[in-house]
Amino acid sequence: MVRRVFLSPLTMLGLFIVVMIVILAIFAPWIAPNDPLQVNLGQKLLPPSSEHLFGTDEVGRDILSRIIFGTRISLKIGFLVVIIAFPIGTILGAIAGYAGGAVDQVIMRITDIFLSFPGIILSMSIAAALGPSIENVLLALAVTWWPWYTRIVRSSVLSIKNSEFVESARALGASPIRILIKEIIPNTIGPASIQASLDLGFVILSAAGLSFIGLGAQPPSPEWGAMLSSSREILRDAWWSATFPGIAILLTVLGFNLLGDGLRDLLDPKNR
Amino acid sequence: MSLLEVKELKQHFTIKKGFLGEKKIVKAVDGVSFKIEQGETLGIVGESGCGKSSLGRTILQLIKPTSGVIHFQGRDITHLSRKEMKDVRKEMQIVFQDPYASLNPRSTVRTILEDPLIIHGIKSRHKRMDIIEGIIDKIGIRKDQLDRYPHEFSGGQRQRIGIARALTLSPKLIIADEPVSALDVSVQSQVLNLMDALQKELNLSYIFISHDLSVVQHISDRVAVMYLGKIVEIADVDELYQNPLHPYTKALLSAVPLPDPAQMKERIILQGDLPSPVNPPSGCPFHTRCPQATPECKAEIPELREKSMDHWAACIHVQPGQKQSIRTSIS
Amino acid sequence: MDALRYIIKRILLMIPILFGISVLTFFISNTIPGDPARLAAGPHADAKIIEELQEKMGLNDPLYVQYGRYMKNLVQGDLGTSNYSHQPVMEDIKQYFPATLELTLFSMFITILIGIPLGVISASKKDKLADQFARVMALIGVAMPAFWLGIIFLLFFYLQLGILPGSGRLDTGLAPPESITGMYTIDALLTGNWAVFNSAIIHLILPGITQAAVTIGMITRMTRSSMLEVLNSDYIRTAFAKGGSQNRVLYGHALRNGMMPILTLLGMTFGHSLGGSVLVESVFSWPGLGRYAVNAITYLDFPAVMAVTILIAVLFITVNLLIDILYQVVDPRLNYD
């Protein structure tokens, strides 16, 4: 089973970024030089210096510290959204593909409805309906994301449901649920989980966008999108307040994308 | 009482074509009847697309028959629920053609062999292992290979694992759907000999589905020839191979190469392709390609009749009691 | 004949989806906390007036009655009255939609202009420096938070250099052109108003590029991979062997066949840009639907939120339908099942 795994330089870079971010998130209190919420009006709008590497914001909080603590929020949203959406989407997709007929039709039409909104519009209205908070953004994104997994899993279930090993399980008298769990799902989880790892980056990006328009994390939370949003008012005086949180988002999303791409290539060399 | 008796079995698939859904019906199995006794092997031959695989799956109720009756050990199993059918499945198993596709790539051999026992409620792990070890011993897989995955085995080994899986529940009947056609010729005979040995040891019955006439001759006691969903001829193996009655059987047999070219008679080359089972020809389904076809063949569907002792054929031009003179033996 | 059938089938299939979209949106909008009647009545209204308004607005009816009424009005083109702007939502949309459409089309134009050639070059120089560069750019583009890129552009081109405007659709003091399409650039062209045309184009540049940055990345990657597939095919090798010039083969033969997946992606790009408009319009104070939607959410403006969501979803599926149909027409090999 052991195959020599060759990772391209870009995949290695992605892996490196992701590992760094996870480390920052876990050890934030020890790594960050300052308290991310500590207001210090005497030190407001300071440009980057050796004391404040990324400068300070309009109330004198250390931007570097805020960005380091921001990794916790972004990772939490990214992982939780995928953790909620992935099983829901996978199970529905497996049921749709395996049952076929009316069940399939109903599930897939519902999926189509969710997919006929541009993601951000749907999550925006849901987050708005639930009220602005991190938890609601999380829920809104999960609601937007599950249909993608449903689609992927359904199509791979369709391709293996008539395979001979599934037929042989039926011939042995296995129940449909047993076949689904033991024969079908283990063989479809691969492509779907690659998609999930690719999605982590985009979930984080979307969450930042929602916070940016005021729907997600609320000030003074050190969420990157919310930080960008409040930086707009001091843009003229403090370029650093906008620059660094954005780079943090970009690097995080890039890291997850590179890693996801690399994983996909490992499974399907055709994609390179 | 026969082990299995199939009467007028039909398997029609509906396929929708086009937006307004004009329905088309594929008659994959169209009125098939036969019996099989304990310990007997019935070979079923025919070109690909003749419905022989559908027949196997229908008997196992992997697809519900459109009509007809299947009696297994005297019991009508045609209308059993999935749960009722579960008990029957212990007695009736299948071995598939493709040893690559028929084993779950993510299960170890142990899991593959253990699963049927778990499904059928053998709770003691110890007992399950006893059964499995007894079986792998027969099929030539070592105990230390049990925790390997299917891709670590050769095609022949995998097919033997497929057979082992079918045997775990000690069935009476095994439907083997082209079990050796995906294997190298050298491996084919190994698997065939194994099946032969297992049959003698366990008193198994086989329905052996294949397009390969030599393989079928090797393993079968009786042989049925299928064409477009119907059995056109059925007889004991030697009788059928030496004295084929139906023009289609004759054509098939004439295409088999013989070891001694001098023995080979003139090849009957069939005209045209196998007609689509969606629009089968009227009358005798074979008349479009039959060298002996007459206008009556187009009008009348010939019934499968006993032309001589235990030798049935569906052709109006074959007279009862008629002995065909040409010898067509292969071995 | 089959193609026509396919089109009819697809259009019929849209009906249940549209129904689902309206139900879903109605449900979402209705869970928005806050009382629309209270908001409409203003902060100082007393309880009695609010109660009367609730009754008048039908807020006490069962949900399905409210939904039925909404759908009936919707079919007649009545999207209700905005609780914020106090004018019919339809009027608001008529006013803001052209701005969003103009921005979206402009950014798609940039996307195609840059993304497709970049993908072709990347594929034809596979693994060379140009390819590596294009791939890294595309990767960064896809990961780019557009709203941040917009802020950086503002910082640099508007605040620092002062060479490009940072908000709105026209210089202050310029009157919008006579409304024909509602898109200023096109209306200015049609009426020959060059001053307005120039100003409109200049105002489009920053938001347009910001919007395009992400989609360029997507299109470049897709073009590259589908070109690579085509370039490896025998008929392209034959074309090269026959002595066809590099560009003729690349753009004449290969791109034509590589276009199929790209076409699909253009549909996705359109949807992406429509969705992205929410963020980009906020950054550049672009008076379009996206900003209207953000405002509507801020002010819990139920009819406006629902109208924008439905409108964008309908546009999105219509464009995808058109692309699918085009796909079928262009590629005769596909069957229609």
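This is a predicted model: local features need pLDDT of at least 70, side-chain atom pairs count only at pLDDT 80 or more; totals for chains, interfaces and linings use all residues.
**Entry 1: where chains A and C meet**

I found 37 residues of chain A in contact with 40 residues of chain C. Next I asked myself which elements give two or more residues to the side of chain A that touches chain C. They are α4 (101-115), α5 (119-130), α8 (176-212) and α10 (239-267) of chain A. I noted that α10(A) has the largest share of that side, with 10 residues. Sorting the residues of this side of chain A by kind, I got 23 nonpolar, 10 polar and four charged.

**Entry 2: chain A by itself**

What is chain A built from, and how many helices and strands does it have? I counted 10 helices and zero strands. Reading from the N terminus, I wrote down α-α-α-α-α-α-α-α-α-α, which was a quick line to copy. The C-alpha atoms of chain A fill a box of roughly 75 × 45 × 30 Å along the principal axes. I also looked up burial: 56% of the 272 residues of chain A count as buried. For contacts in chain A with a separation of 6 or more, I found that 69% join residues 24 or more positions apart.

**Entry 3: two helices crossing in chain A**

A reminder to myself: two packed helices are described by the angle between their axes and the distance between the axes. I picked helix α3 (residues 63-99) of chain A and its partner α8(A). Their axes come within 8 Å and cross at roughly 145 degrees. Is the crossing left-handed or right-handed? I noted a right-handed crossing for α3(A) and α8(A). From α3(A), the residues in this contact include A:Ile77, A:Gly78, A:Val81 and A:Phe86. From α8(A), I marked A:Ile184, A:Thr188, A:Asp199 and A:Leu200, among others. The residues of the contact divide into 15 nonpolar, four polar and one charged.

**Entry 4: a helix pair in chain C**

I looked up a helix pair in chain C too. Helix α7 (residues 146-160) of chain C packs with helix α9 (residues 194-231) of chain C at an angle of about 145 degrees. I put down 9 Å for the distance between their axes. The crossing of α7(C) and α9(C) is right-handed. Which residues make the contact? On α7(C) they are C:Ala146, C:Leu149, C:Gly150, C:Phe153 and C:Phe157. On α9(C) I listed C:Leu206, C:Pro207, C:Thr210, C:Gln211, C:Ala213 and C:Val214. By kind, the residues of this contact are eight nonpolar, three polar and no charged.

**Entry 5: chain B as a whole**

Then I turned to chain B, where I counted 10 helices and 12 strands. Does its radius of gyration agree or disagree with that of a compact globule? A compact globule of 331 residues would have a radius of gyration near 20 Å, and chain B has 21 Å, so the two agree. The box filled by the C-alpha atoms of chain B is roughly 65 × 55 × 40 Å along the principal axes. I found that 42% of the 331 residues of chain B count as buried. Of the contacts in chain B with a separation of 6 or more, 66% are between residues 24 or more positions apart.

**Entry 6: strand β10 of chain B**

Next I traced its neighbours. Strand β9 (residues 222-227) of chain B pairs with β10(B) in the antiparallel sense over six bridges. Looking for the bridge partner of B:Tyr227, I found B:Lys230 in β10(B). β9(B) and β10(B) form a hairpin with two residues between them. In the turn, I spotted B:Leu228 with a positive phi of about 45 degrees. β10(B) also pairs with strand β12 (residues 311-313) of chain B, in the antiparallel sense and over two bridges. There I saw B:Ile234 standing opposite B:Trp312 in β12(B).

Technical notes: Residues are numbered from 1 along each chain as its sequence is written. Chains are lettered from A and ligands numbered from 1 in the order in which they are written. Axes are lines fitted to C-alpha atoms, for helices over the stretch in contact, and angles run from 0 to 180 degrees between N-to-C directions. Helices (H or I, at least four residues) and strands (E, at least two) are DSSP runs, numbered from the N terminus. A crossing is left-handed if the near helix is turned anticlockwise from the far one by less than a right angle, and right-handed if clockwise. Two residues are in contact if their C-beta atoms, placed from the backbone, lie within 7 Å. Ala, Val, Leu, Ile, Met, Phe, Trp, Tyr, Cys and Pro count as nonpolar, Asp, Glu, Lys and Arg as charged, and the others, Gly among them, as polar. The radius of gyration is taken over C-alpha atoms; the globule rule is 2.2 Å times the number of residues to the power 0.38. A residue is buried if 20 or more other C-beta atoms lie within 10 Å of its own, exposed if 12 or fewer, and partly exposed in between; C-beta atoms are placed from the backbone. Two strands pair if DSSP finds at least two bridges between them.
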